[in-house]
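Please open the structure in your viewer and keep the selection tool at hand.

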Amino acid sequence: MDFVLGGVAACGACFFTNPLEVVKTRMQLQGELKSRGTYQVYYRNVFHAFYTIGKVDGLAGLQKGLVAGLVYQFSMNGVRLGSYAIIESLGYIHTDGRVSASKSTVSGAVAGVVGAVMGSPIYLVKTHLQSQSTSTIAVGHQYKHRGMMHALLAIHKQHGITGLWRGSSAAIPRVSVGSAAQLSTFSASKELVSDLQVFPDGSWLVALSAGMISSVVVVMAMTPFDVVSTRLYNQPVDNLGKTLKKEGMTGLYKGLGASYFRIGPHTIISLLFWNELRNLYQSYR
């Protein structure tokens, strides 16, 4: 049940944040392996990207890859959050009744690795679908997938079963670092907010506040890995060294604003839903 609750919570967040994921993907692919000032800028910032995609691709363009996104969230975060919930319930993240920073970080990272491996093929397809655009605003390599199943079959036919896990070498550190930062910070922040007694015991505002703190930490920790991961999944020509050499350190934080607008709300909403669903389930057991 812990896996189902984690997956449902992540899917609930995905409905709200998928347009932000489309914007983030486009901004991270823009100017791939090119120095600043040497490429066409189609998306100047998050808000301009929203406007441009909506105007050229239509409102449906902002929800590209939604089905793949929902499947990915349910599979990856179902496993990740479910695994962490089990580890937490067994008391492994605590020392003397308090959340241990080291234990919760390791537990979050381990849960993230398992989730990343499980969800990698769907993340690959999601990235392909969300990068597809009208030629006038296209960035990155453009695929011709007609949907999630068509993409999975096309990739399998061309590259075999291992081709579905292309880019997982970047996804594993991306999700493990993000998961470690997110879940350890969430557990510690929830405990801190409860200790401060700012809100009544058991209030949903405790989880909301903890999620907001966690969102800032996870974006700063995860964005460089997210940029590399997006590029590896979309086109097999990138690695960390090339990005640093061609674009400098700022290249690893390309689309940082878009990353926060996507990862921040998704972290807050998914952790809030996850916490409340777990509380609801416990009350009915």
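With which residue does K24 form a salt bridge? Select K24 together with E21: the two form a salt bridge, and their closest N and O atoms are 3.7 Å apart. A salt bridge here is a side-chain nitrogen of Lys or Arg within 4 Å of a carboxyl oxygen of Asp or Glu. The model is predicted, and local features need pLDDT of at least 70, side-chain atom pairs count only at pLDDT 80 or more, while totals for chains, interfaces and linings use all residues. Residues are numbered from 1 along each chain as its sequence is written, and side-chain values use heavy atoms, with hydrogens and water left out.

Both residues belong to helix α1 (residues 2–29) and stand three residues apart, about one turn of the helix. Helices (H or I, at least four residues) and strands (E, at least two) are DSSP runs, numbered from the N terminus. K24 is buried at a relative accessible area of 0%, and E21 is buried at 3%. Buried means under 20% relative accessible area, exposed over 50%, and partly exposed in between (1.4 Å probe, protein chains only).

K126 is buried, at 3% relative accessibility.

Finally, select E21, K24, K126, R174, D226 and R262, which are linked in a network of salt bridges. The count of salt bridges comes to nine.
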